[in-house]
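Work through the following exercises with the structure open. Each task is followed by a stepwise solution.

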Amino acid sequence: MLLCSTIQFVLLSVAFAQRTPTISHITQEQIKDIGGVVELECSVQYAQDYPILWIKVSPGRQLDPLPVSTGSALIIRDSRFSVRYDPASSTYTLQIKDIQETDAGIYQCQVIISVNNKVSAEVELQVRRPPIISDNSTRSIVVSEGQTVLLECYAGGYPRPKISWRRENNAILPTGGSIFRGNSLKINSVRKEDRGTYYCVAENGVGKGTRRNIAVEVEFAPVIVVLQPMLGQALQYDMDLECHVEAYPPPAIVWLKDGVQLANNQHYSITYFASADEYTDTTLRVITIEKRQFGTYICKASNKLGFAEAQVKLFEYPIPNINYPGLILHNVASQLRSSKALQLILVILFLYNICRTGLLF
């Protein structure tokens, strides 16, 4: 009986000694936020006499693995990492606190059996990252009217961000609707009305998302609008002739009469006001109109894409044009100069200035 028990014990011991180390459990894929904590568990059997390692394999660096720990001791010096061993379950737990984006990757639990033999299992750690729009995305673009425009937007982050397009003030996109989804927004035969600011928006549920403003400049030939193509005024009064010019690049604008380009002098005053890169208002003031100044005036605008011109006809009118703002101010000043009220005001101002200088004391 004793002999049988001894033989049974020896056989069990030999069988136990010959068992190959195995990994019975490893944590499933983990998805964590930056700044969080993760614990990766690796349970082994029959590996009491073998080295147990945690190895990190970073994305794109499969040939350069980083040993993190051996047994219950860390190899790397990073206070965010720690490892502990539970002998009851033969489990090695790797903990990472304050997770950073660079912690993402594959973590392998390895049992080294011999130089050419090992048992391993792995778990992937994904770190949720807010979207970041890539540098290879469109920043701005300048095209001529009628050309095809391709706006591209790419973003990194985890989960993979989704890209959408919008226009400033939720204006309708050239493709239709106020939102377009996809990495590329294509505008066929762009029009000048398509110019403006476009928004590339990247979202993946982490944070508030991010966006890039993309300026689309459309070059087009001048377009001129004249609100009052015919104006009447009396002799010896002023009159303003106005043109509204729309063009990009900003055009050169001139006024002509009888084929002669006009300039600022005692008879004419020319002003320009640009409300934006594409819009310019120009005013030609005809000063103290003489008989020879009646006729047709031409407002002409030109840029590298073409030119446009419009006519404004100034004709003689027997009664002064009271709708002309300059004339209204002229009449008010004339009335004040001849009124007793103005004389009284001037006397009061004169006495006030004397009092300030102390000449009366």
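**Exercise 1.** Classify Tyr317 as buried, partly exposed or exposed, and determine how its ring is oriented towards that of Phe315.

Solution. The model is a predicted one.
- Step 1: the relative accessible area of Tyr317 is 40%. Buried requires under 20% and exposed over 50%, so Tyr317 is partly exposed.
- Step 2: Phe315, located in strand β26 (residues 306-316), has a relative accessible area of 30% and is partly exposed by the cut-offs already used.
- Step 3: the ring centres of Phe315 and Tyr317 lie 6.5 Å apart, with the planes at 75 degrees. Planes over 60 degrees apart count as edge-to-face, so the pair of Phe315 and Tyr317 is edge-to-face.

**Exercise 2.** Classify the pair of Tyr268 and Tyr297, and state where in the chain its two members are.

Solution. 
- Step 1: the structure contains 3 aromatic pairs. In one of them, Tyr268 and Tyr297, the ring centres are 6.1 Å apart and the planes stand at 70 degrees, so this pair is edge-to-face.
- Step 2: Tyr268 belongs to strand β23 (residues 268-274) and Tyr297 to strand β25 (residues 295-303); with 29 residues separating them, the pair links distant parts of the chain.
- Step 3: the relative accessible area is 8% for Tyr268, which is buried. Tyr297, at 0%, is buried as well.

**Exercise 3.** Which side chains lie over the faces of Tyr199 and Phe307, and at what distance from the ring centre?

Solution. 
- Step 1: over the face of Tyr199 lies Arg211, 4.0 Å from the ring centre.
- Step 2: over the face of Phe307 lies Lys300, 5.2 Å from the ring centre.

**Exercise 4.** Trace the strand pairing of β5 with β4 and with β6.

Solution. 
- Step 1: strand β4 (residues 52-57) and strand β5 (residues 66-70) run antiparallel and are joined by 4 bridges. Here Ile55 is found opposite Pro67 of β5.
- Step 2: β5 also pairs with strand β6 (residues 73-74), in the antiparallel sense, over 2 bridges. Thr70 has Ala73 of β6 as its bridge partner.
- Step 3: β5 and β6 form a hairpin with 2 residues between the strands. Gly71, in the turn, has a positive phi of about 60 degrees.

Definitions and conventions. Residues numbered from 1 in each chain as written. Predicted model: local features only at pLDDT ≥ 70, side-chain atom pairs only at ≥ 80, totals over all residues. Heavy atoms only, no water. Phe/Tyr/Trp six-rings, centres within 6.5 Å; stacked < 30°, edge-to-face > 60°. Buried < 20%, exposed > 50% of the residue type's maximum accessible area, 1.4 Å probe, protein only. Lys NZ or Arg CZ within 6 Å of the ring centre and 35° of its normal. Pairing = 2+ DSSP bridges.
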